[in-house]
Structure formats: structure tokens, C-alpha cells
Amino acid sequence: MKAKTILHFRQLSHIAFFALFMILFVQAVYLGESPLPSDFFYRFDPLIAATAMLAGRTLIAGLLYSLVTIALSILFGRVWCGWICPFGSVLEWFSPKISRGNVPNKLRTVKFLAFFTLIFAALLGNQSAAFLDPISILTRSMTTAIWPGLRLLVIGLEGFLYRFDALWPVLDLINQDVLLPIFQGIESVFIAALPIFLFFIIVLGLNHLAERFWCRYLCPLGGFLGLTSRLAVFRREVNADCIACGKCVTACPTGTVNADKNFESDPAECTMCFDCADICTVNAIHFPAHLPKWEPAEGQAYDPLRRQVLLTAVGALGGVALAGIEPIQRRQPDRLIRPPGATLTDFTTMCMRCGECVRVCPTQGLQPSLLEGGWQNIFTPRLVPRLGYCSYNCDACIRTCPTGAIPSISREEKQITPIGLASINTDRCLPWAYDTLCSVCEEMCPLPDKAITLEEVDVPTNDGGMMTIFRPKVNRELCIGCGLCEYHCPVGGEAAIQVQSLPDATGFIPGI
Amino acid sequence: MSDEKKLNRRDFLRKAGITGVGLYMAGCAKKTEGVLPTPFSSVSSPTAQPTNLPEAETPAYGDVYLAVARGEDIEEMVRRTLVAIGGIERFVPIGADVIIKPNICTDYYTYEYGATTNPIVVGTLVNLALGAGASRVRVMDNPFGGTGVSAYRRSGIEEAVNAAGGEMEVMNKNKFRSAEIPDGLDIKEWVFYQDILNADVVIDVPIAKHHGTTGLTLGCKNLMGTILNRGQIHANIHQRIADLVSRVKPALTVVDAMRTLMRGGPTGGNLNDVRLANTVISSADIVAADAYAATLFGLQGSDIGFIQAAADMGLGTLDLASFKVEEIPV
């Protein structure tokens, strides 16, 4: 096949996989009724598979698809990076034509060290840095910033157009048939939108220093696949026809073509993109199978030294030690409400910060946390009931969690599993503090036997008469902490009824 | 990539324009089954000023003011009650834009739990309205638990309405507008769903059920689903509901009392709390319908604050002895 044809296939592959990513992303909030798994890309992500299984000390069958990706890399090298990874595609599409920076080759080591650090931390039961996974970055940025921002603009425009009465019939059609299926009528707000977006933009911006900066130098998954790609059967080769024009050196998006060394490249860096083969005027570049005389590709100057790898182990140990002296180890954070069924301790080791549960939550009450659970829990999901409640009849997060950090319990079980406990602030609650009629929380409570009861009280009115008001009370035995009451509490600002996180099973902190 | 492949600004604008027009046309292309107007034909309304006002005069249709059917054939019960009070044609003129407002409060439970309106009642009304010549029949509510999409599906109403040829509309925040309530005693202005105020005919189809705050929720209370900022209604809930009634003024109220939720309302969830009352009540008078439905719970209209408040405002009568009731065993 001609290089040009293969190049076109690769561009199609970019578009197809990114489109698949977006389709899965959009349909993820259909309360899980779609036949497609929203965590498709994670299932093929070997980095996530490795860290989740190491940290969780368990075999996660759903993540074993990632062996396909590893097998692919042993056959063809970093094709994941060049052909599949949707974040890689985004980075390629947003590459400036000219990269100004002069980045030292030595920086390539960082991605290997990042990979080792993640693995060592996972061995120690910690996944705090798993948010650096590229699929995770794209999912999180799309979920919390790009998509909601886009929706805001579209719906804002629609709102403007709705001012013109003549347009209503058309707008109605567009709304119900186009916008509703795409955005699901969900109004998202995200506490972490700005930092997450900034992170995304910075990674994008690094492209100005070198094309696909992230993939070349930083990506821990790229580091992982780089190591396995050294074994690749099919590798790039330059034959004797080469006229040393140097075109391939500038064309290479990862800058791995070495002009000083007969225009050879490192399989750990090459993404099999075929840009070089396409640009070569004398057809000197091929990707033959190195069989039957197969041996691993030779090492490079930027390969991590044994000393450096040991250092990452020490670094991971230090990081885990720091995580161990954060306050969360002594006191349960007040407002760190986890998705249903998740326990505080097991959850943080199993959760890989992938953001899928945040994406699928139809009320968008699940938010990537910032520092509510300490630095070690950054970007883990937490329910913020004031922004969105845990919908009684929904188990989308349970069904989507790829690692089982949110245990896979049935909907019926979820409906009786407490995730927190509501309490009433009688200094703010309208009937308690101001003798005003209100019982929204009781009305909203979704439980068959309402966890909020109303106490009838007669209070004097201003005109000297008496009136009956109802004061809500929470039944501790029944409340599951779904937060519907907090969400709908009509008191402005902070709700007069709030859900606090539950302590782990016993309700007591061990050792105190 | 070479330069000629790059999109320049002009190309981009041209392509964006074509895409936009394509999307627009795609939006227009849907729905060819006659009942719907194209986006360009104005929704036909026979009267110059569409209002939801019921007939001002007490009807002469055999003098039946309120009809009650008891039985199990829900479709037949709805039909017979409507025939008794003058037929659907009395309420739905030819070409009318009709909105049916059932109670689809959450997506938590199916209709058997008595928290959402019976889908057969809604489906039958869609059928009848289309049969009477309505140009368009839409069904909508604004659930407080779950999304519109999920609650419509879960309640079974979506399926029934689609089968009957009606449309489910997920309420769009952009279509809520502030509107005056000229006759309101407590609130003079509130944010309403514009389509409900503009519709030629609004049919209020509550389910009769228990409600922690107001005792019961019925036709008047069901109109809470036409507004935003519902939490603030609670500060003076009975009068404010009556004020809403004075603005929305449904032409027809059909109370679904097939499976009445006797406690744990409005959300329900316990089948032991559901009583098989097997009753459907229809009247042009929302207050009368509510007052009659209250008797199914061993109460009187005057026991429920919002029924009394609406009656006090002259929006209907709660005195069951003052009008003719037709009882229809089915």
C-alpha cells in the first residue's frame, strides 16, 4: 500500500476514534440505557488497567481488553498514540505549523519516569496521580469544561432567539430533536471547571514548544507503550535509496528521526504515523517486519537510568507518606460524599480519577473534588447535593465505573444504601427559625417511608391568632443521604438541610 | 498538510452557512403526519386572543356539571365522563393547540405506585383531543426528581402519548417567561411556561394523591408544574396555588383517581399506601373536580386550603350539593 493511502487511513482513524469518543461521551448520560459502554476507551487503556489492578490488588476482568493495546504495541509500536488515542488526535489537530521551542531530547525521559512513578505508587496502594492518564484528561476536560461551556453558548443563543416569537416553531423543533438528545436538558455547573480547563489548555499550549509535546515528553501511557514498543515486530526502516534530504526530520511529529544516525528512529517514540514515508521523495522509508531475526530495539540516551527509576520509587514512597499525613487519615471530611456504595478507604485506592461517573451523573451533582479530601483525592468524585442530588432511580455511576471503585450493586440495593446523612439547621430552616410554612424537603424525600417527618406545631401569628406550621425532622434510620432535600431547599445560599458524609461502616475512627 | 487544504475564513463561513441551513432543514423535515403544522404555518388558532378560559356560563349540557365514572375500563371511563359533561368538542375546538398537563413528578416509580398520572387516562385524552380536530396535542410536566426524559419514560406516559399520536415536550428553560397574574391575591407575577399560557386549551390531568404539605394534591396543585421557582410557592402555598389557577385556568380537569396514594405523597413508593379507588372525575370546573376528589380521601373540599382559597376567589365551586353530578358505572 502506498504511504499516502496509509496516511489517509490514519487521518480517518483519528476522526473515527475521536467521533467514537464523542458519541460514547454524549450518550453516556442516557442513564446507561445505551448498548455501548461509555468507558470503552478506558477498557483498552493499559495504564489504567495496570495501576487499578496493582493498587486495588485485584483482577478487573473488564480492563483486560487493554492487553489488546499492549499486543498492538508489540506488533506495530505506538499505534495507540498515532492512530487511536483521542487526546493524541486533539493534540495533533491543535498543533501549530511551526514549533518554536528547542526542547532537549533528555526530556523524553520524563514520560518513562512518570509511568514508573504511577506504577510504584500503585504498588503502594495509591492512585492519586492517575488523573494524568490521557483518556482521563480528555474525559475530565470535556465533562467539566468544554461540553458544559459549549452547551451554555448554544442554549444562550437559543434563549436569545426565543425572544422572537416568530421563531418559536422552528426553535421548538431544533430543541426537541437536536439539542435535547445532545445535551439531555442537563444544566451543568462544575466547581473545578476552571483549573481543569487550564490544565487542558496548558497541555495544548505546550504544542507550541514542540509538536505533540505531551505525547513526546510527558504522557505516562506513552511511556508505558514506548517501553513495549521497543519490542515491536514492525518498525520503521530507512533503506539505501535515502538521499539524506532531511525532509522526514521536520515532518516527524514526535521528532524522533535522527539526522545524525542515518535518519533512523526510536520505536519507543515513533507513532507509526507515516508522515515521513509520505513526504519521502525517493520512497526510502518502509515499515517491515523484523522477523525471523527479531530483537528489541536498541536503547537511547534518554532512556531512564537505573538510578532514576529507583528515585521514582523513592519519590512514590515519599508521596504516599505525604498522603498518609493528610487530615483525612484522622478525620472524615465533612462534605466528601462518595457515589453510592463506595467506601471511603477502599474507594481511594480503586478510583483512578477517570471522571466517567461524573460524566454520567444525570443531575451533575457528582463533581471532581478539588481539595475536599486532601491533595491525594484530587479529582475523585464527590456528591455536592446543593448542585445536584443522587437521583433515586438512577444507578448510572455504578454501572459505568470501570474499576469497581463504586461497587456494582443493584439498583434496589443502591436505593437503601446510605451515602450520607441529612441534618437540619434549625437556625436557618424556615419553619424552625421563622415560623414560616415550608415543607419542601419532606415533599421531595424519595423514600417509600419518608426519612423526613413533619411535626405539627401551633405558633402565634402577628395578628394575635394561631397558625399551624410543620417542622421537618430527619429520621436517621431511614435517610440515605441522597441530597434531594438539600438540592430543593428554598432557603437562599446554603441549604437549611444538609447532607454530611457518613463515616465508614462502624461510624468510629479506628485507633481513637 | 499543504496550504490549499487549509480552510480560509470565507470557506469556513460558507461551509458553516451550508451546515446551518442543512440543520435547519433537517429540523423542518421531521413529522409529516398531517396533525402538525410546518414550522412556517402559524399554529392555527380560531380565536384572535387565545385564552384558556372555560365557558363562562354554567353549561346546559344536560346540566351535568361534573361526571364521575367508576370501574376498570379506564379508557371508557374517561370517554363517558367527557360525554356526560358535553363531549370533548365542547372543550377542544377544531384546529386548537392543546396542552395536557399530567402529574409526572419524578422518575422514581412507575404509575402503579400512584405518584404519577395513569398513562391510559392521558393517552385517551390525547386520542379524544385529536379526534375532536385539535391541530396539535402536547403533553408535558416539569419533574423535580430525575429529568424530563427519564420521568416521561418511567411513568409510561411517553409510550401512551406517542401511541395516541400526541407529542411529549420536555420543558425548555428558555421558554419560561414572567407573566402577570391580574387576579392574584398574594402573587401578582410569576414565571410560567409560555406555551401553557398561550395554548388554546389546557387540560389538567392530576392524579389524586396524598401530599405532606397541602394534605392532597389535585388539579389546582398540579399547576405547580407550569411554573419555575416552585420552592417559593410554599411560603403561602394555598393562596399562591389559587393565584396560579386564576392565571392558567384549565378548560377541563380530569382527575385520575384510579390508584390513589393515601400516604407518603407526593412521591410515594409503597404499594401498601395505594388504594384502588377506580374513579375518574371530569369537570370544566377545576375547583369542583378537586372538591369531589377530596371526598375519596374522606375529606371535603373546604378541608384543603388551596381548594378553599380557589373557591373564595370565585374560580369555581366546592359545594358539591350546588351542582349536578352524574355518576357513571362502567
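Biologist: Among contacts in chain B between residues at least 6 apart in sequence, what share joins residues at least 24 apart?

Modeller: The share is 73%. Two residues are in contact if their C-beta atoms, placed from the backbone, lie within 7 Å. This is a predicted model, in which local features need pLDDT of at least 70 and side-chain atom pairs count only at pLDDT 80 or more, while totals for chains, interfaces and linings use all residues. Residues are numbered from 1 along each chain as its sequence is written, and chains are lettered from A and ligands numbered from 1 in the order in which they are written.

Biologist: How do you know what confidence chain A has?

Modeller: pLDDT is the predictor's confidence in each residue, from 0 to 100. Chain A averages 89, and 96% of its residues score at least 70. Confidence in chain A is lowest in helix H16 (residues 344-350), at a mean of 79, and highest in helix H10 (residues 193-205), at 95. Helices (H or I, at least four residues) and strands (E, at least two) are DSSP runs, numbered from the N terminus.

Biologist: How do you know what helix H7 (residues 109-123) of chain A should span?

Modeller: The expected span is 1.5 Å times one less than the number of residues. H7(A) has 15 residues, which should therefore span 21 Å; its end C-alpha atoms are 21 Å apart, in agreement.

Biologist: Why is H7(A) called mostly covered?

Modeller: A residue is buried if 20 or more other C-beta atoms lie within 10 Å of its own, exposed if 12 or fewer, and partly exposed in between, with C-beta atoms placed from the backbone. In H7(A), 11 of the 15 residues are buried, among them A:Phe112, A:Leu118 and A:Ile119. Their cover includes helix H3 (46-56), helix H11 (213-218), helix H12 (220-229) and helix H15 (306-324) of chain A.

Biologist: What makes strand E1 (residues 64-70) of chain B a partner of strand E12 (residues 324-329) of chain B?

Modeller: Two strands pair if DSSP finds at least two bridges between them. E1(B) and E12(B) have 6 bridges, in the parallel sense, and therefore meet that rule. E1(B) is also joined to strand E11 (residues 274-283) of chain B by 5 bridges, running antiparallel. B:Leu66 has B:Val325 as its bridge partner in E12(B) and B:Ser283 in E11(B).

Biologist: How many residues of chain B are in contact with chain A?

Modeller: In chain B, 35 residues are in contact with 40 residues of chain A. H4(B) supplies the largest share of the side of chain B that touches chain A, 4 residues.
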